[in-house]
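These are my notebook entries on one structure. I set down what I looked up, entry by entry.

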Amino acid sequence: MVMRLRIRDGDTVTLTQFCGGWTFKIFGENNINTCAASGKLPTNISGVMAQAQAKVTYDSELMLQHLPAETIPEANHFDVVYDENWNPMIFSIGSDGVFYLIKRGTDNKNRLINLTQKFGLSDSGKTVAFAATQDFDKKTYLLFAEELSSGDRKMYVLDPKKPEEIDWAGSNDLKIHLLNGDSGSIHVREFFLGNGNDNKGFPLAVVVFDDVVRSTVDINRIEVNDTGTQKTWSLKSDLNFDYNPTLITSMCVGNLVDGRGLFTLSEIQGKQHLKFIGVANEFGLQSDTELVVPPGAKSLASFTNSSENGKYTDLLVGGDGLFHFSSKDASSSWSKGRELTSNNSYFQGMQEIYVAETENGMLSIWGENGDNEIVYMQMNIDTTVVTSPVPLLTRKQNGGRFAAIMDPISHSQQLFVHGDSDNKNITLLQQSSDTRLWKTSPILIPSINKNFDAPSFTSHINIIGSDGKISVYKNFTLRSSGWADLIVNGKPMIIGTDGEIVTADSRGNITIIGLVTDISSHVFTLQDAPNSTILNGQSYIIDPASKLRSGLGEIKSVDDLDNATTKKGKKVMEGSTASHEDRIKAVDALSKLSDHLKTLPKDG
């Protein structure tokens, strides 16, 4: 004898013996419970019907998206600091000589801000140099110079402010934030700028210039004077060199026990010299410390160390390896640097080095080596290595000029790279704070008359709640396996592991567009929004690359590779000149990749 009972979700059913004996099973399909007579059991048997499940389905494709956007103007020089929300602010000089700022707006879209106009610079002139730095508390320092159509050059100094204290995008008059000063008859070549972490006021600021009157190249210090009622700046000739500044091949600012000054690497009559030249005191005395030049020295960089609350700086020298001078060692003549990268080929012939650091003592050291590769390593403030040196980009992969910042909490990194002659756009390489993997993406700004064709994983998610209804305009929590810049139902969003609230559209759909440069993608998790039970507390994994990975897993032979087709039916290998041996290697690599991907957790 079989008895069927229709029971509402969550109801409790009790069967009491009224003949031979009963057992029961809860199948839950279509809310139908089946109770079957099958022998003697205890008199009272209870069960709870499982709550109905929501239905979440999705489909993802790797496709081109035509976005109303464009890449930022070609840049001749750029620097990166943080804004008030720890997003990057990119200062740059375009190839047209215009001074730009790229800053993220409240709508999470990048804004291209013309600083030439907002600072009231000459329309017929061009910006020729600038430097931007930042303290740990994000107080920002900015120097820049313009060349007028007449050939004259003017220099400007920004009153130090935190990013939120200046309305960069909204204000049409940023001149109010510039300090008064006069540079006289000089043609600015380059600025060098420290930070104020030593708590001595405006940081050491240095300008390298052509003196038009004397027809010489010289170096002056920029002094900011604060009388209490007005701030002004002036040039000071208290950095005295016993050799021609044109012989300097690399230079950076420093701060030692003896005071502020410059670390310089120069070549005089075929011999290299590494020195610290201090700012002269009120009696005209200055420190002049010569250090032992490391092998193959080519580049210098300094960083704030941990001594006395960050008052002093250590020195890094890039050459045939990476060498470290502590602030104490750098204060003593003929000190030798300690090599940090012994037996590592990646940090050989270092043409340029760059340091990003956080207040809690983490350093990322970047460099361009003799093979034109961009390489990096991480270490603690005491120079113990956290991540061994590894290459990240080659010159052919658009490895050119670069700048970097590091998240002060997660220590995830963002590297901004200006490509070579074939690609002069600025590209972002961003490291996930949890997986530590790198993703590459273009930096785009909105455009009303241009489109940008961007490869993307586009995922369409349809949600039917546990009540059987389409989830029209309902809120959900969307989490990502790592920080991701996404477009969710047309809205730019930055989503990380903590998640953000997203809203389904009029059809109960959520569309996620994630720009990519390869076949990998972040993995997303869809959950109930706070105080919502549409999904009954269940989590649903959205893996945009799953279909592509499945396709890769089906390629097990050269024939499979040769017969593989794109979505439009075109054979993947059509027109390829790869040899049979190369195809065998490709199949083997795809097989290993597919096997490895199967071992990764479903949520990324």
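**Entry 1. Confidence.** I began with pLDDT, the predictor's confidence in each residue, from 0 to 100. This is a predicted model, in which local features need pLDDT of at least 70 and side-chain atom pairs count only at pLDDT 80 or more, while totals for chains, interfaces and linings use all residues. Residues are numbered from 1 along each chain as its sequence is written, and side-chain values use heavy atoms, with hydrogens and water left out.

I found a mean pLDDT of 83 for the protein chain, with 86% of its residues at 70 or more. Helices (H or I, at least four residues) and strands (E, at least two) are DSSP runs, numbered from the N terminus. By element, I noted the lowest confidence in strand S3 (residues 32–36), at a mean of 36, and the highest in strand S40 (residues 500–503), at 96. Over residues 1–50 pLDDT stays under 50; for this stretch the model has 86 contacts (heavy atoms within 4.5 Å) beyond four places in sequence.

**Entry 2. The sheet around S24.** Two strands are taken to pair if DSSP finds at least two bridges between them.

Strand S23 (residues 299–304) pairs with S24 in the antiparallel sense over 6 bridges, and Thr304 has Thr313 of S24 as its bridge partner. On the other pairing, S24 and strand S25 (residues 321–325) are antiparallel over 5 bridges, with Phe323 of S25 as the bridge partner of Val317. A hairpin through 1 residue joins S24 to S25.

I next checked burial, where buried means under 20% relative accessible area, exposed over 50% and partly exposed in between (1.4 Å probe, protein chains only). Strand S24 (residues 313–319) is largely enclosed by the rest of the structure, because 7 of its 7 residues are buried. Thr313, Leu315, Val317 and Gly319 point one way from S24, Asp314, Leu316 and Gly318 point the other way, and all are buried.

**Entry 3. Salt bridges.** Side chains of opposite charge can pair when their charged atoms come close. I used the criterion of a side-chain nitrogen of Lys or Arg within 4 Å of a carboxyl oxygen of Asp or Glu, and the structure holds 19 salt bridges.

I looked up Lys231 and Asp159, whose closest N and O atoms are 3.0 Å apart in a salt bridge. This pair links distant parts of the chain, 72 residues apart: Lys231 is in strand S18 (residues 231–236), and Asp159 is in the loop between strand S13 (153–157) and strand S14 (180–181). Lys231 is partly exposed at 29% relative accessibility, whereas Asp159 is buried at 15%.

Arg260 and Asp198 also meet in a salt bridge (3.0 Å, N to O). They too link distant parts of the chain, 62 residues apart, with Arg260 in strand S20 (residues 259–268) and Asp198 in the loop between strand S15 (186–193) and strand S16 (205–211). Both Arg260 and Asp198 are buried.

In the salt bridge of Asp211 with Arg214, the closest N and O atoms are 3.3 Å apart. Asp211 is buried, with a relative accessible area of 13%, but Arg214 is exposed at 53% relative accessibility. I also recorded a network of salt bridges that links Arg221, Glu223, Lys236 and Asp238.

**Entry 4. Lys556.** Is Lys556 buried or exposed? I read 64% relative accessibility, so Lys556 counts as exposed. Lys556 lies in the loop between helix H3 (546–553) and helix H4 (558–563). I found Lys556 and Val587 to be 6.4 Å apart in space, C-alpha to C-alpha, and 31 residues apart in sequence.

**Entry 5. Leu593.** Leu593 counts as partly exposed, because its relative accessibility is 32%.
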